[in-house]
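My notes follow in the order of looking.

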Amino acid sequence: MAAQQLVLASASPRRLDLLMRIKVTPDTIAPADIDETPQAGEKPLDYARRMSAEKADAVADAYSGSFILSGDTVVAVGRRILPKAENEAEARQCLSLISGRRHRVLSAVTLVRPDGSTRHKLSETTVTFKRLETREIDAYIASGEWQGKAGGYAIQGAAEALIRRISGSYSGVMGLPLYEVRTLLISGGYAL
């Protein structure tokens with residue numbers, strides 16, 4: 001019997017760290033290079049699922065016969081998909097929008113099995129920030145933690161102290177819902 005190979009279709013150090021928490025070590029890291037632009041009118045849930053699936057598909061041919069794991073995390077306020085903040089203005093806009101209100105974090109996961117079949121899971125978490133004062137937003141912006149983060153914040157950093165309530169998967173907000181990943185791997189035939 002051939003040894004199982006796991007490919008993580010992500011360059012995210014957070015996703016790798018999260019996998020290590022459940023004693024899963026990918027054999028290969030193969031970031032997917034895809035266009036992550038939402039389609040016109042695309043709902044956040046559909047976008048998260050599509051991105052996760054497209055990331056897995058983008059590397060599947062190069063690693064046929066392997067397990068391929070991919071994921072995507074989307075922060076949404078209503079039907080609005082918040083960006084991965086790339087500059088201070090985007091981060092400030094995201095933080096102002098989620099200040100004092102609930103938003104959803106949708107974390108989709110895709111597993112391509114060695115036989116080419118595909119399985120999907122989705123985690124939906126509701127996060128409620130306190131009403132942020134301007135000085136709190138300024139301090140968070142100065143921290144730099146927001147850079148490249150969906151919705152302009154990292155829950156595993158200083159933003160955690162600004163969150164009043166979370167209902168759902170903490171690891172899903174970080175970028176990879178571990179319960180769903182573990183379930184997906186086991187049901188997909190990957191030996192943990």
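**Largest pocket.** I sorted the lining of the largest pocket by class and got 12 nonpolar, 6 polar and 6 charged residues. My classes: Ala, Val, Leu, Ile, Met, Phe, Trp, Tyr, Cys and Pro are nonpolar, Asp, Glu, Lys and Arg are charged, and the others, Gly among them, are polar. This is a predicted model, where local features need pLDDT of at least 70, side-chain atom pairs count only at pLDDT 80 or more, and totals for chains, interfaces and linings use all residues. Residues are numbered from 1 along each chain as its sequence is written, and side-chain values use heavy atoms, with hydrogens and water left out.

How much space lies in the largest pocket? I read about 410 Å³. Of the 24 lining residues, Ser12, Arg14, Arg15, Lys84 and Gly148 are the closest to the pocket centre. Helix H1 (13-21), strand E3 (67-77) and helix H5 (170-174) are the elements that give two or more residues to this lining.

I noted the terms. Rolling a probe the size of a water molecule over the atoms shows where empty space is left. A pocket, on a 1 Å grid over the protein atoms alone, is an open set of points where a 1.4 Å probe fits, with protein on both sides within 12 Å along at least five of seven lines. Lining residues have an atom within 4 Å of a point. Points are joined across faces, edges and corners, and a volume is the space filled by probe spheres set on them. Helices (H or I, at least four residues) and strands (E, at least two) are DSSP runs, numbered from the N terminus.

**Second largest pocket.** I found about 170 Å³ of space here. Its lining consists of Glu36, Pro38, Tyr47, Asp72, Thr73, Val74, Ile81, Leu82, Pro83, Lys84 and Ala150. Which element gives the largest share of this lining? It is E3, with 3 residues. By class I counted 7 nonpolar, 1 polar and 3 charged.

**Fold.** The protein chain has 6 helices and 7 strands. Along the sequence I read β-α-β-α-β-β-α-β-β-α-β-α-α. The radius of gyration (over C-alpha atoms) is 17 Å, close to the 16 Å that the globule rule (2.2 Å times the number of residues to the power 0.38) gives for 192 residues, so the chain is as compact as a globular protein of that length. The C-alpha trace spans about 60 × 35 × 25 Å along its principal axes.

I checked burial next: 47% of the 192 residues count as buried (under 20% relative accessible area; exposed is over 50%, partly exposed in between; 1.4 Å probe, protein chains only). The chain exposes about 9,500 Å², and carbon and sulfur atoms supply 47% of that area (Shrake-Rupley method, 1.4 Å probe). Among contacts (heavy atoms within 4.5 Å) between residues at least 6 apart in sequence, 66% join residues at least 24 apart.

**Gly151.** Is this glycine buried or exposed? Gly151 counts as buried because its relative accessibility is 0%. I place Gly151 in the loop between helix H4 (134-143) and strand E7 (163-167). Beyond its neighbours within four places in sequence, Gly151 contacts Val75, Leu82, Pro83, Cys94 and Ile98. Gly151 and Ser70 are 81 residues apart in sequence, and their C-alpha atoms are 20 Å apart.

**Lys23.** Lys23 lies in the loop between H1 and strand E2 (28-29). Its phi is near 60 degrees, a positive value in a residue other than glycine. Lys23 counts as exposed, at 74% relative accessibility.

**Ser143.** I located Ser143 in helix H4. At 38% relative accessibility, Ser143 counts as partly exposed. Ser143 and Ala158 sit 15 residues apart in sequence and 8.3 Å apart in space, C-alpha to C-alpha.

**Tyr170.** Tyr170 belongs to helix H5. Its relative accessible area is 30%, so Tyr170 is partly exposed. Leaving out residues up to four places away in sequence, Tyr170 touches Ile155, Gln156 and Glu160. Gly71 is 99 residues from Tyr170 along the chain, with 15 Å between their C-alpha atoms.
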